[in-house]
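Subject: Structure handover

Hello,

Please find the structure we spoke about below. My notes on it come after.

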Amino acid sequence: MNATAKYPTEPLKLWKKAKELRDQYYLNYAKAKDNGGLRWSGSAWALDAIPAGLGDDVYSLTSEPYAASIAHDRKFAKVCMDAAESYGFARDLCSYMRIYWGGMHLNKYLFGGPFPKPDFIFQTQICCSHSKWYQHVAKYEKVPDFYLDVGVGPYKTLDKDRLDFVVNQLHDSIEWMEKVTGRKYDDEKLIAAVKNEMRSTSLWADICAQNKAVPAPLDEKTMYSLYVLATLQKSSKWCADFYAELLDEVKDRVARGIAAVPNERCRVISDTQPPWGFLKVFRYLETYGAVSVGSLYTFGLEGIWEDKPDGSWGARTTPMDQGIEIKDRDTALRLYADWNLSKPQWQHFYDPQLKTEMMLRIVREWKVNGVMLHLNRGCEGLSLGIMENRLGLSRAGVPVMTFEGNMGDEREFDEVRTQARVDGFMEQLGLRKLAA
Amino acid sequence: MITGGIDMGSRTIKVVLLENLDVEGAPQLRYAVKKAHIMFPGELDQDKAAEQAYADALAAAGLKREDVAAVFATGAGRKQVAFAADAVTEMTAGARGASYFFPTVRTVVDVGAEEGRGIKVDAAGKPTDFAGNEKCAAGAGSFAEAMSRALQLDLKEFGEASLKSDRTIPMNAQCTVFAESEVVSLIHASTPKEDIAKAVLDAVASRCCAMVRRVGIETDVALIGGMVHNVGFVRALKAAMDVDELKLPDMPEYVSAVGCALLAAESRH
């Protein structure tokens with residue numbers, strides 16, 4: 001323990017396994033054709049349990065986490081964005097999209113070899129960039145594409161007609177997949193995948209809820225490497241099983257008082273995707289004894305939540321745990337649509353106030369001292385209404401700082417200025433740097 | 001006791017030395033400016049520039065280094081001041097300095113060369129919230145400077161010229177480079193310089209005001225930083241913020257350095 005450490009710390013035992021699962025995922029996609037498998041591509045929000053009914057040899061490439069991996073490799077990210085911009089796309093478009101497009105145009109895969117061509121596109125659209133993203137991919141790669149309109153309003157206003165609107169599209173998408181792949185759809189595989197996804201996303205929420213503990217067993221920088229598995233393939237058994245193991249380990253850390261940051265004396269949350277090439281900002285916080293315990297982004301992008309009887313926010317109870325049997329396609333699709341439409345990160349597309357309310361809830365329940373809002377020029381969708389969130393948080397008496405950047409385009413991030421902002425925010429919170 | 005404050009700005013270095021007058025019977029410590037205020041052209045070698053500015057300030061004040069109990073630094077180059085006992089951000093220094101001159105101030109607008117910022121201040125002179133312009137000079141002094149160059153006016157003339165205009169010409173560009181193009185277009189359209197100067201300063205004031213509104217405008221409001229010297233900007237900001245009064249210190253560019261010197265003194269008690 002160093003001089004400023006208040007709590008014991010130790011590395012996460014499952015860290016290596018998380019990295020291996022991630023690497024395997026990208027390898028599986030690249031090698032899918034070796035044994036006659038199928039590839040599909042879509043966003044991390046694509047309802048990936050649906051293609052699972054086509055067989056066990058169907059592999060996906062979810063584009064945002066893939067682009068985020070490239071963003072961490074700043075040199076390659078720049079090459080990809082240059083390629084997209086040379087093709088004629090504007091620099092102020094979604095940086096994930098530009099990175100993905102650039103890699104496709106260059107025919108280069110981050111994990112080696114040529115860019116693996118998908119057999120089909122399966123995509124949700126709630127973010128305005130999502131559908132345009134794959135419209136271009138489908139045209140360029142000459143592959144069929146299917147888009148699900150999930151913009152049916154906030155979950156609290158969901159009614160039968162709105163749910164039917166999504167469920168009917170899911171039924172259509174299955175028929176479409178059978179047609180474009182020539183494969184027969186297996187409802188048992190669909191049901192298994194739906195159950196896996198419900199387990200994965202509920203377990204991830206439970207893992208995040210453990211961070212209510214002081215000291216926090218996980219810091220957000222670490223959480224980025226863990227939540228990513230759900231963004232890759234949340235409907236897989238490997239993802240659900242990993243989160244079950246991880247929850248056990250995190251609970252054990254809480255029970256033993258193991259801290260992610262041993263000098264924790266201040267807790268903050270962030271917002272939206274971070275500037276992936278500059279995650280050291282989170283390490284800089286630690287020089288003040290501050291730890292980011294998460295964000296609505298890390299909690300709610302893939303975690304599914306519910307109000308608990310005691311009024312707290314916790315992992316949503318799965319239909320399986322409620323004793324609901326899923327025996328047929330329609331029941332599976334109906335429960336699956338309802339589950340996904342409750343996703344926290346989809347709510348603020350309708351009203352920023354909904355996001356402010358969730359953030360305030362996190363501030364209260366996770367014992368947060370301040371909020372760092374990333375004015376992310378790279379993502380219009382998640383930055384939508386962010387200044388209204390700032391206002392709402394400030395009005396509620398929550399200290400807030402903003403910093404400008406871009407999740408994928410380092411040309412729009414100023415490291416020195418951001419550190420200066422952090423310095424100012426820490427002073428505002430009454431903190432000085434800890435002795436090294 | 002004598003303490004020092006040094007503000008390592010992006011364009012100039014400001015040094016202030018303060019002496020505790022220790023007025024008998026006064027419940028609080030009082031300070032007065034000891035003597036010297038040095039405005040020093042910034043150099044690329046900031047260590048050397050800080051050292052020289054401080055040496056000049058000491059010489060002007062007739063002091064030796066050992067006479068000064070502590071120096072605090074602020075500004076963009078604050079981490080380069082080797083002789084400083086501590087460094088604080090511009091928000092903390094500006095808030096403390098502005099509160100010293102105007103104890104009732106609750107909102108501080110600090111517009112220097114590189115950055116404009118709005119700071120919410122509590123009764124103790126501590127910042128409780130802040131907002132600043134990001135990677136863009138459009139809400140800062142260097143923007144006004146670039147535009148005055150385009151109009152071939154010095155900064156003083158630029159501000160004064162704007163007072164002769166009552167026209168409102170919107171400038172839409174958010175970027176100094178593109179705004180300069182707009183200014184050039186206005187020149188080509190034979191728009192009087194006074195009107196262009198007002199348009200530019202209205203635009204800077206509008207951006208500053210939008211930034212300050214993020215933290216909320218609570219009276220009293222003080223404006224600090226070099227842009228206080230620009231009379232046209234002061235008028236434009238007052239109008240944009242819709243406040244009856246903007247409190248203006250006599251030596252606006254030194255306020256953060258004064259704040260540092262005060263914080264240095266307080267650290268000794």
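Predicted model: local features only at pLDDT ≥ 70, side-chain atom pairs only at ≥ 80, totals over all residues.

Residues are numbered from 1 along each chain as its sequence is written, and chains are lettered from A and ligands numbered from 1 in the order in which they are written.

Helices (H or I, at least four residues) and strands (E, at least two) are DSSP runs, numbered from the N terminus. In chain A, helix H1 (residues 15-30) packs with helix H8 (residues 220-233) at about 30 degrees, the axes being 10 Å apart. Axes are lines fitted to C-alpha atoms, for helices over the stretch in contact, and angles run from 0 to 180 degrees between N-to-C directions. H1(A) is therefore roughly parallel to H8(A) (angles under 35 degrees count as such). From H1(A), the contact uses A:Ala18, A:Leu21, A:Arg22 and A:Tyr25; among the residues from H8(A) are A:Leu226 and A:Leu229. Contact here puts the C-beta atoms, placed from the backbone, within 7 Å.

Chain A also has an open sheet of four strands in the order S6-S5-S9-S10, with parallel pairing (strands pair if DSSP finds at least two bridges between them). Its edge strands are S6 (290-295) and S10 (400-405) of chain A. Four bridges join S5 (residues 266-270) of chain A to S6(A), and A:Cys266 has A:Ala290 as its bridge partner in S6(A). H8(A) lies across S5 and S6 of chain A, at about 30 degrees to S6(A).

Regards

How values were computed
Parallel < 35°, antiparallel > 145°, perpendicular 65-115°, else oblique. Contact = placed C-beta atoms within 7 Å.
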